[in-house]
Amino acid sequence: MEKDKETNPDLLRKKAAERLDQLSAHVSDNNNNSTENTTPQTQPAQANRKRKKRTSKSSSSSNLPADYSDVLSQLSTLRTIAATPDPTNRGYIRQKQAGKLWVRERIEQLLDPGTFKEIGSVSGTVTWKQTGPITETPVAFVPSNNIQGTGKVRGRQVLLTADDFTIRSGHADGATMEKTVYLEKLAIALKLPMIKLVDGSSGGGSVTLIRKAGWSYIPHIAQFKHVVKQLNMGIPNLGAVLGPAIGLGAARVTACHFSVMAADVGSLFNAGPKVVEGATFEEGLDFQDLGGPIMHCTNGTIDNLAANEAECFEQIRTVLSYLPNSGSEAPPVIPCDDPEDREDLGLRTIIPRRQARMYNPRTIITSVVDKGSWFEIGALWGKTAIGGLARLGGRPVGVISLNCEVNGGALDAAGSQKLTRLLKLCDVMNLPVLQFVDVPGYAVGTVAERTATMRWGIELAKAYFSTTIPIFSVITRRVFGVAGGVMLGARDPVMQVAWPSGQWGSLPLDGGIEVGHRHELREAEKRGGKDEKEKLYKELEEEYMRLMNPVRTANAFGVEEIIDPKDTRAVCCAWAKHMYEVNMKDRLADRASGKIQPTFS
């Protein structure tokens, strides 16, 4: 019965009529409300105007191209302006007169050809001209002075940020900060290396912003929490100073895992000469006096010096080749045609039998590591220590050595700072560390005390004992004092070998005999004068030298093994191979689970 009602034509027509009456009544009520202040004569006119208005809107929209070619044309115009240098622009002229590359020329030289994809390509300040009721076209465009995007370096995907000093000297504009923060976040999300080409303030402030905004602001550095996270995650941050790096620009490049400065155009300072003149009354300073490479490549602010911009780019490419994309990965291993069992007979004679004589420790490094793979970091500062990156059988490692040619190899404050930084870099990048040990101890004397050698020496000790990266030690000669104990005692079990030239103890014999036998030597001098004292001293020295035969230490298992120096490469390569094939897997699992959390900051 119910089914008959649902299909009855008369009933269906009746329901439809009822619904139509309801709808008509509803529309009528709305019209009455909107026309209660009008007369019957004005209602037709209003209806006509509404119809014309609707027709006008429809007509305007229908005139726009269906394929959005108008919007695409605007984008193309803005991108063309941004990518085309203006030779009449005052900033561009100044850039070229200073001998510097334009920002997009730098990007072309650094990245693999044709791989750059810009992010925020039309960000900036646009002047628009209205061409119709709802259409407009750009007539002027000042691009954002910080170019960002993705590209490839020797086939590896990277993120890139580069300052355009030709536009407001790199000071902040309407889009720089937002772009910068976005890219820092993107590096974390994608786990991609970040390269920073600094020339200017990198979006730092200018007093003109106050005038433009009409109010002054409390400064914040929104991107730095993301930078610190990247550093600790082992996402490579590599920076180059390609002009004056000022304020925030200086901070951004100094925070990187690795930084390099172009000697011909680079400088770095907290504030420029004019601000310095007003604050400290130092007049007549130029960029080089205030913060050139002679200043900052010798005090540790910047790691390395390059002759020019092209060499900066090459150093960045080289450093990146040793590093993973993030600490969740192993460093990239490459094929190696240098035999891992290669011998070098020259290493047998490189350490002089006369202990007062020096030798070149870099000769040992280049002999042991893969040929052509040694890359030194910080060669111009902290010269009592040597640090850098290399490969053993194609496997990247960090390399540490003491420098007996400077201060006798005694580790000073700057050397301790350099090694601390390198240990932390290797820890976050999963780089095993190979160290060649010849250390008489921490530096002594008034200069050492004045420069806080023990303070920075203990910071180095903290780095040794708080990092977890594997360390393999080759004892080439001396191991004395707290410094020696720190360098060799930070891993359990220790992984080390010694050369036949090894010497060790609490103090070197020079000075140690006088301290330990002061009374006997004084009594000998009383009995027979200086000759008697010198005779006793020589007897004691000869006895100690006999007892300090490294073989005696090996007899007592005080050193695990003494090897022929010619076999050092084979021993080190075997260690590195095991670290990569076995221990690296466990380390990556421990980092993924949070069991170990290396920090660079």
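How do the residues of the lining of the second largest cavity divide into nonpolar, polar and charged? In this predicted model, the lining consists of 6 nonpolar, 4 polar and 1 charged residues.

A search of the whole structure turns up 4 cavities of 30 Å³ or more. Around the largest cavity sit His-257, Asp-303, Ile-377, Gly-378, Trp-381, Gly-387, Lys-418, Arg-421, Leu-422, Leu-425 and Phe-600, with α16 giving the most to the lining, 4 residues. By class, the lining of the largest cavity divides into 5 nonpolar, 3 polar and 3 charged residues.

Helix α16 (residues 413-429) also packs against another helix: its axis and that of α18 (residues 453-466) come within 8 Å and cross at roughly 20°. The angle is under 35 degrees, and α16 and α18 are therefore roughly parallel to each other. Their crossing is left-handed. On the α16 side, the contact includes Leu-419 and Leu-423, and on the α18 side it includes Trp-456 and Leu-460. The residues of this contact comprise 7 nonpolar, 5 polar and 1 charged.

Turning to open space, the largest pocket has a volume of about 790 Å³. It is lined by 27 residues, of which Arg-353, Arg-354, Gln-355, Gln-503 and Met-545 are the closest to its centre. At least two lining residues come from each of β15 (471-480), α20 (509-516) and α21 (518-547). The lining of the largest pocket divides into 15 nonpolar, 6 polar and 6 charged residues.

Key. Residues are numbered from 1 along each chain as its sequence is written. This is a predicted model: local features need pLDDT of at least 70, side-chain atom pairs count only at pLDDT 80 or more; totals for chains, interfaces and linings use all residues. Side-chain values use heavy atoms; hydrogens and water are left out. Axes are lines fitted to C-alpha atoms, for helices over the stretch in contact, and angles run from 0 to 180 degrees between N-to-C directions. Angles under 35 degrees count as roughly parallel, over 145 as roughly antiparallel, 65 to 115 as roughly perpendicular and the rest as oblique. A crossing is left-handed if the near helix is turned anticlockwise from the far one by less than a right angle, and right-handed if clockwise. Contact means heavy atoms within 4.5 Å. Ala, Val, Leu, Ile, Met, Phe, Trp, Tyr, Cys and Pro count as nonpolar, Asp, Glu, Lys and Arg as charged, and the others, Gly among them, as polar. On a 1 Å grid over the protein atoms alone, a cavity is a set of points where a 1.4 Å probe fits but cannot get out, and a pocket is an open set with protein on both sides within 12 Å along at least five of seven lines; lining residues have an atom within 4 Å of a point. Grid points are joined across faces, edges and corners, and a volume is the space filled by probe spheres set on the points.
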